[in-house]
Amino acid sequence: MKQPLPGMKLLLVFLLLGISCAVFAQQDTAKLDSNAIYNMSLEQLMNLKETGVSSQLEAQINALIGVASKKSLSQRKSPSVVTVISQDEIERSGARDLIDVLRLVPGIDFAVDVQGNISIGMRGNWAEEGKVLLLLDGQEMNELMYSSLQFGNHFDVSQIKRIEIIRGPGSAIYGGFAEYGVISIITKDGEDLKGISVNGSYGQTARALGYRDISLSVGDKIKDFTYSLAGFLGQANRSDNAYTDFYGTSYSMINNSNLNPASLDLKMAYKGWSFKGIYDDFDMSTRDNYGVPTSKAYTDDFLSELFELKYDSKLSDKITLTPLLSYKFQKPWNFTGKVDSADAAYTIYDKAVQRIKGNLTMIYDITHHINLVAGAEVYNDNASLGIDTTLFSNGKAHVSYMNTAAFMQALFRYKIASVTLGARYDNNSAYGSSFVPRLGILKKVDKWNFKLLYSNSFRAPGIEDINFSFDGHIKPEDTQVIEFEVGREIATDMFVTLNVFDITTKNPIVYYVDSVLNSNGTYSEGYKNMHEQGTRGAEFDYKVKETWGYVDLNYAYYTAAGKTVVSTYQVPGDNSATLGFASNKVNFSFSYNITPGLSITPTVSWIGQRYGYVDSNSSGVPALKKFSPTTLANIYLMYKVNKLKIGVGCYNILNADYEFIQPYNGGHAPLPSMSREYEVRVSYDLNFKK
């Protein structure tokens, strides 16, 4: 008889333990301390009025979120498939960075691009370069040259209040970076802090430094004025293992894969006014380049400076008008150092880009049953060269594009159903126009919730997509997504959801290399609109959250069968899978309060078989490999006493040989992840005296 994989055994043990605790705890689910009711906010009391006495889970599900709509709605009433991750869940899990947090969300996984960068996949689709929008306190963190994101010790998870995630299109609200999903990070403000908070962590593997981070934040609310300032510094290795390219060349990633963040986050609010400023400087060293290693490590620097000023004007009890002005300056992928003669393939990149944006949004509660959100937006992108000599597509050292947009969303709430109708129209001076409609039908029947969602979304080409277009022409991608979700409240502390989805992307933007040799002996290459790309699948999520802790079990499945897949992403011989991403994935989190101040939280991700290209006899010709299922397991023990929190964690307990696979056939071998790591974390909150 074939024995189960060790990782699967561990997953089953934790699963049985978590479910047992959930079952035995049912006898206490109806209890609610009367003192807790008196301490509840108006929002929580309204939720009680609507749903009856709420458990911790029900309160979280009903809590107002804004990622899926400009109008704050509960998770059940949001016209999108939404996941919300709380501060408590992040702290209990001992997550080191966003990869640890987001990997536990159904439908999300990570893969390697180039130059050591790890980015995101969504529902079996490679979502790097502008297909998933990352918001930090409402400000777009995608860099504007390639529209990419950088993950791995980049953002300070200790400052996060909650994360709201749309697992599906968000373009009708957010525009051209939200084609496949939106990740909105809300950090702690002055009212949350009311003092000073210090956080520090140190992690070590058997061979090298893991993560070493420190953060300091201060904030308070003084009458109508709220302020907060948070700083973050860190150092980490991406991996302590060895990278091997298609030619068999290897090097140790220790001190050759550094992830060093430095950031400041300022927030101020006075009555209806608010100001936010972010300084984010992320240094990432790499030797893997585009697949063939360099002789030494070189640094890519990602600098972002963002500012936002807005005012919420209450024109009446029913109408709120919000003008917003934002400024964004970035120098991504920046390298201006000296390149050794042996590393001619590693080139200087020194380009700066700024975006100035104005937005005006109106929220109008027409009646108790009808809400209207409408607005307009205009922004200008301006890019320029530094010492880089590669001119833009216009043959000049600078380029400028203008984008105008209008959007509208109407929400109708009646007993028979709630209906959301929305649309956004964008017109860009470089690539023309896009129109994306949105329809959501939501129904609650007793303890059942139903969502039927149809959305169009688009991905706007980045500046370098336009600059390096294959034939001088590029246009936006256009994606159509159909989703159906059903949820059931099994008990006041137990909820289960199941959703199915179908994704079709027309004109996907892909970096393309022609197979026909030019007369000068080179191959034409650049960004090109291909025909079509898509997946379909299902996601299941089971949650229990009570005073003793919580359980979260989810399963994600996708298939490309019956869909057209771009050849670059195809798995030869298997039309159901795409490169780099597992068709089946199971995540399990279980947190238990051993004592009122001591909790233990194991997390397990079982990642099914994947496909990717690897070295073939050191010939340089890649060979397709089927990667066996992998189990990534972490455990974190946290002790709280007064304002002090001390945590000890072990990450990759099984020391699994997990690799980030390039999700397209682009010449880069799989990049190894970190081996088993032990980490200590300490945080202390000092409240101001009143």
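R167 sits in the loop between β9 (160–166) and α7 (171–174); helices (H or I, at least four residues) and strands (E, at least two) are DSSP runs, numbered from the N terminus. This is a predicted model, where local features need pLDDT of at least 70 and side-chain atom pairs count only at pLDDT 80 or more, while totals for chains, interfaces and linings use all residues. Residues are numbered from 1 along each chain as its sequence is written, and side-chain values use heavy atoms, with hydrogens and water left out.

R167 counts as buried because its relative accessibility is 4% (buried means under 20% relative accessible area, 1.4 Å probe, protein chains only). Leaving aside residues up to four places away in sequence, R167 touches V81, V82, T83, V105, P106, R123, Y180, E483, N499 and E539 (contact means heavy atoms within 4.5 Å).

On a 1 Å grid over the protein atoms alone, a cavity is a set of points where a 1.4 Å probe fits but cannot get out, and a pocket is an open set with protein on both sides within 12 Å along at least five of seven lines; lining residues have an atom within 4 Å of a point. A volume is the space filled by probe spheres set on the points.

| Largest cavity | about 390 Å³ | R96, I99, D100, R103 and L632 |

The elements giving two or more residues to the largest cavity's lining are α6 (98–102), β36 (598–607) and β39 (630–641). For the second largest pocket, they are β29 (509–517) and β30 (523–529).

How values were computed
Buried means under 20% relative accessible area, exposed over 50%, partly exposed in between (1.4 Å probe, protein chains only).
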